Amino acid sequence: MKTFARTLLFASGVILLAHYLPAGYWLLSAKMRRPPIVYYSCTEKQFMFFRYTNQTAIRMDAHGKVYEREEFERILPIDHWMQLLRDGKLPDTVGGVALTAEALRRERLSFRIKPTMIDTPSVNLTPLLDADTGRVRLEMPEDFMRLGATIEFIHAQTNVVEREKSALFQRAFAEAGFVFPATVLGGNPSTMKPYDEGYYVADATGATFHLRQLRGKPDIHRVSSLASAEDKPKWEALKPIYFHVQEQDTREVHAIIVDKSNQAWFAVGKNYRLVPIPLQHYDPARMSLVVRGDLINRLISATGEDSVEAVVLNRDYGLVDRYTEPLVPRAATPAGKLARAIFPFTLRFEDVSTGYLGVFTEVGSRIALLVNGGLLVLMLVWLGSRKQLRLSRLPDLLAVAIGGIYGVALVFLLPKAD
Amino acid sequence: MKLLARLVLLVVGLLLLGHYLPQGYWLLVAKRWPHGPVVFYSCITKDFLFLRSTNGAMARMDRNGKTYSRAEFETLLPLDNWAQLARDGRMPKSVEGVELSPGKIRYERMSMRIRPDMLDTPEVPLHPLLESESGRVRLETPGDFMRLGNGIAFLSAATNAIETEKSARFAKAFAAARFAFPSTVIAGNPNILKPYDEGYFLVDAAGATFHLLQVRGEPVLRRISEAVPAAAKAQWESLKPTFVHVQEQECREIRAFLVDQNRRPWLVVGKDYRLVPLPLEHYDPAKASLAVRGDLFNRLITVNSEDHLELLAFNRDYAEVGRYNEDLPTRKASEAGVTARVLFPFSLEFEDDASGFMGFYLKAGSLGTLLVSGACLLGVAGWLAARKRLSWRRLPDLLAVAVGGIYGVLLIFLLPKTE
Amino acid sequence: MFKALVYKEWIKLRLYWTLIVVAHLLFCVYLCLQLRHAFKLHDALAVWSNWVSKGYLFFKPAKNIPLLLGVVLGCLQFFPEILNKKLRLVLHLPLVEDRAVGVHLLAGLFLFTLALLPGLAVLAVCGASYFPWEFLLNFWYIYLPWFLGGYAAYLLTVFTLVEPTWRLRVTCLLLSAALLKLFYIDSFYDGWRRLLPGMVLLTVALVLLPLLSSNRFSKGYGS
């Protein structure tokens, strides 16, 4: 019994140290590391970069040539159009497209999808705005929509289900062929946007539906039946895990969809054209996706801890150019290598890939095995010299064998076995 | 010693009950208090319009109580509702001969709000001085902070040290302008999300107002009384502002709002620092909030205090074109408020809406509370006498009931008896 | 007699006191390391701006330590005395009763102050190396109410523990909670400035309250 209790003590100690020692290590040795910002020059037809180094930032092209701020801004006229306009240096046209302040301001796209948006705790109640009130400003509704095994609307002030409205929507869903329960829901529950796109919902079979409220009435359609003949099979084959809705002034992009095979798609235009984003290494759980669109191009970059990949699409969503660059992950820096050598494993309860808490383990390098072995030998020798090498010391030795320095620290912190 | 200790206990007890009991009362009793009306000035009817919420419903009216539908109301306020009117095709092409375009309307919109706690609030005495003419389209955060104490110094955040060269250059400019340290008012807007940078308005120890800018790294410091036309010089020299508020607007016309040594409000307007007085009758900067809203044709000044609403409208030349006054119902005068002021002889709070500082904010009850306290005192004295415990040693307790009314009664039962 | 009483208190508390000093010091060092980490990962300018305009203070996690320490010290010092009514022995010594209790309180307050000072010194030195002197002023104005709250917590804990009857202990607890809450109202920069003199006076006046309880204790109420 005592040995069992002691083993439990050592086990908990190793787990705690595996969380706190690496945290303390990084508190002391962490340095600022920012990935480069990728730009695409529509005049030079090449990628440009804003790179952060120790304490400064450098502007470069893909060949490593360094640029001064003015030259950099000249090569990226659309990203810096306001400054160039003020200095009188904005070109009149680029590639036959006229650069007017009005067009530049209007034709902007900006999306950002972070891994935590895809897997995050959220209350299953969300406001369904009225997209067609005749008013120029959107207004928050007085009720919340609950879309799960059924669809219901709950009035916030009274905390009561609105029977009529809920029944109306339930019928509309049934008529549209929606199979409950809903599996994925995506929308933008804010009034600070130019119009309301509504929600995209995947039903139990994985089919995508588009839901809006128009003057109090439901507007729900199976997207594949609204799409053109060539897009219909693509919609039917789509297995979405995440819908990203972020209404833009141009109203061109309905949503960005991430599917089960880590492919990201644009849903575009009146006929819900489904355009794949041709990234080759996009891992939605570990990389941020940033879309910046302007009058000429769409630049999509996926940034993770160990790589950054960017693709450029033209206004018809045809691929123009591609760039990939490996980044040095923290584990490959000198501090990271040292950490992986001395910590046989580390334990975290939060991770960049999700908004949920969990148990996230990382294993050390092969050197850590050697370190563990060495420490075990030292421990055996030390115990042997004090004539304390006994069976009751097995938990201690196991802790050193598995936990390396965690085990050594515990042997000295915890009471001796008798 | 024992007597002193009991006194301390009673005083602390009274103060605590005076703080927590009224808080508890309002927690139970408070209802959503109706706001004062939202006010507008119509360039079409040349009068004020009000959006009032009564019992949860919205009513749109003019000063005579005539009500309007939402569509009529929006037609009378084209500059506030141009997006909706444009969408419905009801937007007039011009008003008073002036052509209306969305760009022009947006450019001329301005708003500024001064709350009483802005005049009395703790502030770290380090101010970022932006570069006002970098040639860049956006303002940039400076890498240092300006410290104006008994001299001027610039501190670099990265090194936590004084930038000696820059500080010396600015010190020379301050000396040349005969600035008398220390500064009594330092007012600017340390945000970079603004259309341009107005720098800081400073008031020196002698009460003179200065304007400080950083232009291409060099200090530009003007004694305002020397930078204005001769006609205004005397006005600026006699002005000793106690509060200045800077909030840069797109149209760059109103540069600052200030309150002088007599608590009168002024606007500082235009390139020549023209002083425009605001002839308000009910404005106490320490108690009321003031809003300045402007559009293509007018400036509307709204003063909201707890019990009163005052409005003043100007045209673009700052000539007065409208004035309005209305008393508002106060929470104090509501049923719950009257009851509270009778029950509680005083209430104590440590924070106040009118100040950012914590303090000892004591509010007295109404005269009715004297009756309640008197009754409590008689009750307690009678009760003690009945138990034959009325003696000199119970004087502190009786004082507590006399001063603290129901607080005192509660204390007597909560605390141990004196022997 | 006084020296003997003070020494007796020291013997009783010295082990715990040392642990507290070391633990507090380590905690303050940890806060300093967090500040260093913040300066490494962000622009110095961003950290300063966060302080000047949003009131970010690296020592804020230490807010409740004086309060906890006051309660703990009060308990450590006076639990042994009231268990088995040992306090009676002290009160029967040839000393004015108030003076005897007063010496105990002084010893406790002195140990309280000494326990926090090393950690506070570390925080001050660290703050001064990253920020200008305005930060030290900020530190003073924000920490002082917490510190006074710690003194008050100690005095009120003794007041509550020494009170012999349970009915009034409840009153003491209510009063303590209600009063201590006030010391921990958040403010910005020197927002506490106008209330500090009053808070100091109040804290000093609170010294008298334990004397009330000890008086009732010695009279044998509730036994």
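Four strands of chain A make an open sheet, in the order E16-E17-E18-E19, with antiparallel pairing. Strands here are DSSP E runs of at least two residues, helices are H or I runs of at least four, and both are numbered from the N terminus; two strands pair if DSSP finds at least two bridges between them. The edges belong to strand E16 (240-244) and strand E19 (273-276) of chain A, each pairing on one side only. On average, neighbouring strands of this sheet are turned by 25° against each other, direction ignored, using axes that are lines fitted to C-alpha atoms.

A word on the model: it is predicted, with local features needing pLDDT of at least 70 and side-chain atom pairs counting only at pLDDT 80 or more, while totals for chains, interfaces and linings use all residues. Residues are numbered from 1 along each chain as its sequence is written, and chains are lettered from A and ligands numbered from 1 in the order in which they are written.

Chain C is another story: it has nine helices and zero strands. Its C-alpha atoms fill a box of roughly 65 × 35 × 25 Å along the principal axes. Of the 223 residues in chain C, 39% are buried (20 or more other C-beta atoms within 10 Å of the residue's own, with C-beta atoms placed from the backbone).

Among contacts in chain C with a separation of 6 or more, 86% link residues 24 or more positions apart (a contact means C-beta atoms, placed from the backbone, within 7 Å).

Notes:
Buried ≥ 20, exposed ≤ 12 C-beta atoms within 10 Å, placed from the backbone. Contact = placed C-beta atoms within 7 Å. Axes fitted to C-alpha atoms, helices over the stretch in contact; angles between N-to-C directions.
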